[in-house]
Amino acid sequence: MPLSETSPAKIDLGFLPTPLEPLPRLSAHLGGPRIWIKRDDCTGLGGGGNKTRKLEYLMAEAQRQGADVVITAGALQSNHARQTAAAAAKLGMGCVLVLAAAVAGRDETYATNGNMLLDDLFGAEILCLEASADVNAAMAEVADRLAGEGKRASVIPIGGSNGLGALAYAEAVAELQKQAADLGIRFDRIFTARGSGGTQAGLVAGLHRTGLDARLHGISVSASDADLTAKPAPVERVLAQLAQADALVLAATEYNYSMAPALKNILDWASREPDNALLAGKPAAIMGAGGGMGTSRAQYHLRQVCV
């Protein structure tokens, strides 16, 4: 269901709600805890998959823009690309897929079977690029070419990951919450695959909106260990300063009834291994000025984080 009466329009493309199933044998094999799976592989569109939820909003937006063609990108065997091609075929729209050979060591059948075969059956135009190619630039070139042909194209980002796409998974949390309540169960942790990040972003928003008290874990399906552990240079500098400090003075501005995002981010970095001892045992003073309540809410949340 939409989050509110003012939510953007969407088109029904999937079989929703998807089933919520227990996995008793896996739970027993692992010695607990009880594990359940949300079957978003059963959304139905073009073989199913989680991108169908996002495409309900993204295709509606493409139609609102007056587009007759959609363009998106991914790897050769992209599930997102397959479902986009299926959605376009269902709605009588054209589809161009810009696909990169991102997975090394595959034989020639990798480029002709599976999702690639389905993309072709759904009538999509397929452009295959090298792994190092800039697919976003390629999509822009395709849009310019189509405009020259008198067509109007809507570009859908990789993985359908933008605000509209994430909205679909904010809604999915409400769906999960209702199913759990109907079954009389409560989830402590939720695990999701993370690629382009839109699904996880939507889940974060949905958990915040519903108040569902479960910790969310995103498991990367594409980033390397180096990508996941690398720190931006500004973060490295601040962490080095924290390591040298004997005490902290935290000046808290107030943003959206809490601490500023930049401050929250640096505390998150300082709380992760191997840097999670940088703040341990150090005295801290919290102060702030401004806002209708003198940053009292920001200071309260900051104290919760630090204690």
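How much accessible surface does the protein have, and what share of it belongs to carbon and sulfur atoms? The accessible surface comes to about 17300 Å², and 54% of that belongs to carbon and sulfur atoms. These areas come from the Shrake-Rupley method with a 1.4 Å probe, and for residues only the protein chains shown count as cover.

Before you click around, know that this is a predicted model: local features need pLDDT of at least 70, side-chain atom pairs count only at pLDDT 80 or more, and totals for chains, interfaces and linings use all residues. Residues are numbered from 1 along each chain as its sequence is written, and side-chain values use heavy atoms, leaving out hydrogens and water.

**Stop 1: the whole thing**

Start with a cartoon view. You have 11 helices and 12 strands to look at. Helices (H or I, at least four residues) and strands (E, at least two) are DSSP runs, numbered from the N terminus. Along the principal axes, the C-alpha atoms fill a box of roughly 65 × 45 × 45 Å. Of the 307 residues, 37% count as buried. Buried means under 20% relative accessible area, exposed means over 50%, and partly exposed is in between (1.4 Å probe, protein chains only).

Now think about contacts, meaning heavy atoms within 4.5 Å. Among the contacts with a separation of 6 or more, 77% are between residues 24 or more positions apart.

**Stop 2: a salt-bridge network**

Select K38 and E175 and show their side chains. They form a salt bridge, with the closest N and O atoms 2.5 Å apart. The rule here is a side-chain nitrogen of Lys or Arg within 4 Å of a carboxyl oxygen of Asp or Glu, and it gives a count of 12 salt bridges. Where do K38 and E175 sit? K38 is in strand 2 (residues 36-38) and E175 is in helix 6 (residues 163-183), so the pair links distant parts of the chain, 137 residues apart. K38 is partly exposed at 24% relative accessibility, whereas E175 is buried at 15%.

Keep all four residues on screen: salt bridges that share partners join K38, D40, R53 and E175 into one network.

While you're here, pick R39 and D41. Their side chains form a salt bridge at 2.8 Å, N to O. R39 is partly exposed at 21% relative accessibility, and D41 is partly exposed at 44%.

**Stop 3: the nonpolar cores**

Select L13, L55, M59, V70, M93, C95 and L97. These residues have the most contacts inside the largest nonpolar core, which has 27 residues. A nonpolar core is a set of buried Ala, Val, Leu, Ile, Met, Phe, Trp, Tyr and Cys residues joined through side-chain atoms within 4.5 Å. Helix 2, helix 3 (79-91), strand 4 (94-100) and helix 6 each give two or more residues to this core. Which element gives the largest share? Helix 2 does, with 6 residues.

Zoom in on L55. Leaving aside neighbours within four places in sequence, L55 is in contact with L13, A60, Q83, T84, A87 and I156.

There is also a second, separate core of 15 residues, which includes A252, L267, A270 and L302. Although K264 and L302 are 38 residues apart along the chain, their C-alpha atoms are separated by 8.2 Å. K264 itself is partly exposed, at 33% relative accessibility.

**Stop 4: a surface patch**

Switch to a surface view and select L117, L118 and L121. They form a nonpolar patch with about 260 Å² of accessible area together. Patches are made of residues with over 30% relative accessible area and no salt bridge, with like charges joined within 9 Å and nonpolar side chains (Val, Leu, Ile, Met, Phe, Trp, Tyr) within 5 Å. L117 lies in helix 4 (residues 115-121) and is partly exposed, at 39%.

**Stop 5: the cysteines**

How many disulfides are there? The count is 0, where a disulfide is a pair of cysteine sulfur atoms within 2.5 Å. C128 is partly exposed at 48% relative accessibility, and C42 is partly exposed at 27%.
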